[in-house]
Amino acid sequence: MKALVSASYGPLEALEVTDLPAPRPEPGEVLLRTEAVSLNGVDPKLVTGAMKDFVPVRHPFVPGADVAGVVEAVGPDVTRFAAGDPVIAALGAPSGGLAELVVVKDDARLAVRPAGLDAVRGAALVTGAATALTVVDAADVGPGETVLVVGATGGVGSFTVQLARRTAGQVFATGRADDEAFLLGLGAHALIDREADLAAQIRRLVPAGVDVVLDVVQAGPALASSAAAARPGGRLVSVLGGPPAFDRGVGASYVSTQFPPGRLADLAAQAADGRLDVPVGATYPFADVRSAYLDFTTKHVAGKYVVTF
Ligand SMILES: NC(=O)c1ccc[n+]([C@@H]2O[C@H](COP(=O)([O-])OP(=O)(O)OC[C@H]3O[C@@H](n4cnc5c(N)ncnc54)[C@H](OP(=O)(O)O)[C@@H]3O)[C@@H](O)[C@H]2O)c1
């Protein structure tokens, strides 16, 4: 089978499509024929080795964590799925999704893809939406609260805006000027220019600062610029690491994507019936998968990048 392979840690330019042995499902596993895979911010870090101290990968390494496909075969004891079922899956990191055939565990990270959710949108949904829900749950956004989403144009951020909007009074979202229509379309109340001082812009709209900052792109000391937009005693949630607290009593929590039972299926149902928009910014055929990664890391497109098979 064809797969996108990284032979060793190195630049994305060294990724190559090669033949690998087709995997077989063991007990508790499901074999998928891949239809679409969405790219995630973590993928380039796994390829280059930027995360090798925390999440080492074995080479040859196949990137790609969010897969939509059709069940090709099931392991001996799998009863929840059968050949021909359309599904979506989160492979987590390390991943392995950018291949014609993929083996996944039969667990909460695998769900039937309902009618109304095509493979491209299905692949685009998985980690972005589940992470966004984890972030919004951790922030416990209350009715009427004001929220700033930093990184709102990305895979996680575009779902974070929509989910925060369900309870928040007002949601402000970072982006470039060109992203305004996209962000307002997701339910944001105003664009916050990501290149300018976030706190100064927020204070013109909410003089005390927002109740909650959901920063889904920055890490470490850089989070201070987001935290400065929160009111005294406000809270910040991030998906990357950082300090335990910030000036003016702004509390911080750091989360990683959770897939409790039923969550992926529920998000899929919401996407299928239109309650959740799945923004797809660009699609590439698998033959152009290396270009997809190079564009993903160098060109700004609002919404998810998806590779189709
Ligand atoms: N802890 C976890 O469980 C977990 C789960 C999922 C993701 N993550 C991490 O979360 C981050 C985002 O992931 P993703 O998949 O959403 O990535 P993504 O699709 O690349 O989205 C990032 C978005 O943020 C924008 N951006 C970059 N720097 C910014 C800044 N300083 N201020 C405002 N916006 C900025 C990007 O714009 P450009 O297009 O211009 O770059 C892009 O639209 C990654 O670092 C990923 O590793 C962690």
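Which pocket is the space taken by the ligand? In this predicted model, where local features need pLDDT of at least 70, side-chain atom pairs count only at pLDDT 80 or more, and totals for chains, interfaces and linings use all residues, the ligand takes the space of the largest pocket. A pocket here is an open set of points, on a 1 Å grid over the protein atoms alone, where a 1.4 Å probe fits and protein lies on both sides within 12 Å along at least five of seven lines, and a molecule sits in a pocket if more than half of its atoms lie within 2 Å of its grid points. Residues are numbered from 1 along each chain as its sequence is written, and side-chain values use heavy atoms, with hydrogens and water left out.

The ligand has 23 residues around it, of which Lys45, Thr153, Arg176, Val239 and His300 come nearest; a residue is near if one of its heavy atoms lies within 4 Å. This shell divides into 8 nonpolar, 12 polar (Gly counts as polar) and 3 charged residues. At least three of its residues come from each of domain 1 (2-127 + 259-308) and domain 2 (129-254), with bounds from an automatic or database domain assignment. Helices α1 (42-48) and α3 (155-165), DSSP runs (H or I) of at least four residues, each supply at least two shell residues.

| Residue | Protein atom | Distance to a ligand oxygen atom |
|---|---|---|
| Glycine 154 | polar backbone atom | 3.3 Å |
| Arginine 176 | polar side-chain atom | 2.8 Å |
| Histidine 300 | side-chain N or O atom | 2.8 Å |

Of the 930 Å² of accessible area that the ligand has on its own, the protein covers 79%, as computed by the Shrake-Rupley method with a 1.4 Å probe.

Methods: Polar contact = N/O pair within 3.5 Å; in protein donor to acceptor, adjacent residues only side chain to side chain. 1 Å grid on protein atoms, 1.4 Å probe; cavity = no way out; pocket = protein on both sides within 12 Å on 5 of 7 lines; lining within 4 Å.
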